[in-house]
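Please view the sequence and the model first.

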Amino acid sequence: MKLAGWIQTYTGKKFWPLDPRPEDVDIVDIAHALAMQCRFGGHCLRFYPNAEHSVYVSHYSGADALAGLLHDGSEAYLLDMLSPIKAYMPDYKAAEKRCQAVVYRRFGLPEMTPESVKAADRRLLKTERMQIMAPTAEPWVIDAEEPLPIQIGGWAPSTAKVAFLDRFEQLRRAA
């Protein structure tokens, strides 16, 4: 029995966000939803899709590149909640952890995010702060991190979706 309600995904599937199953996870749904979601709740200087963020993390995650690409896969089904809010929502954090584990499992990965992915994500956050956020004197927790040597593009959703799916296919072929 599925817990709570379901959402209809881009491909027309049913997905139970609070009771996720690997067989309900679809890479096209993830790519599409992440391409349509803007990082930082839209509070950046230009549109910057979560799918683009995931492609960059993938390129800097070494042997864990597929986990890097999929590290925010749960956000395709639960949305991208801002960290200061998420910190006070333990039920959301638990749902996100369950959903992310299911996304990883669907693609044959361990259910925990590897340290290499977390490190790439932190470095990219520093890069994002420098390139797509308004300047501020307020410190961020990642200020000591070394930024990545990239220029953030701010891709259109259609470009981000294609790049995400292309990267996925590239990594699957290499596996």
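## Surface and basis of the model

The chain exposes about 9100 Å², and carbon and sulfur atoms supply 58% of that area. Accessible areas come from the Shrake-Rupley method with a 1.4 Å probe, and for residues only the protein chains shown count as cover.

This is a predicted model, in which local features need pLDDT of at least 70, side-chain atom pairs count only at pLDDT 80 or more, and totals for chains, interfaces and linings use all residues. Residues are numbered from 1 along each chain as its sequence is written, and side-chain values use heavy atoms, with hydrogens and water left out.

## Overall fold

Eight helices and two strands make up the elements of the chain; helices (H or I, at least four residues) and strands (E, at least two) are DSSP runs, numbered from the N terminus. Their order from the N terminus is β-β-α-α-α-α-α-α-α-α.

The C-alpha trace spans about 50 × 40 × 30 Å along its principal axes. The radius of gyration, taken over C-alpha atoms, is 16 Å.

## Interior and contacts

Of the 175 residues, 46% count as buried, where buried means under 20% relative accessible area, exposed over 50%, and partly exposed in between (1.4 Å probe, protein chains only). Among contacts (heavy atoms within 4.5 Å) between residues at least 6 apart in sequence, 59% join residues at least 24 apart.

## Cysteines

The structure holds zero disulfides, a disulfide being a pair of cysteine sulfur atoms within 2.5 Å. For Cys44, the closest cysteine sulfur is that of Cys38, at 3.5 Å, which is too far for a bond. Cys44 is buried, with a relative accessible area of 13%. Cys99 is also buried, at 0% relative accessibility.

## Two residues with positive phi

Most residues other than glycine have a negative phi. Phe40, however, has a positive phi near 60 degrees. This residue lies in the loop between α1 (27-36) and α2 (50-59). Phe40 counts as buried because its relative accessible area is 14%.

Leu79 likewise has a positive phi, of about 75 degrees, although it is not a glycine. Its place is in the loop between α4 (75-78) and α5 (83-86). With a relative accessibility of 54%, Leu79 is exposed.

How values were computed: The radius of gyration is taken over C-alpha atoms; the globule rule is 2.2 Å times the number of residues to the power 0.38.
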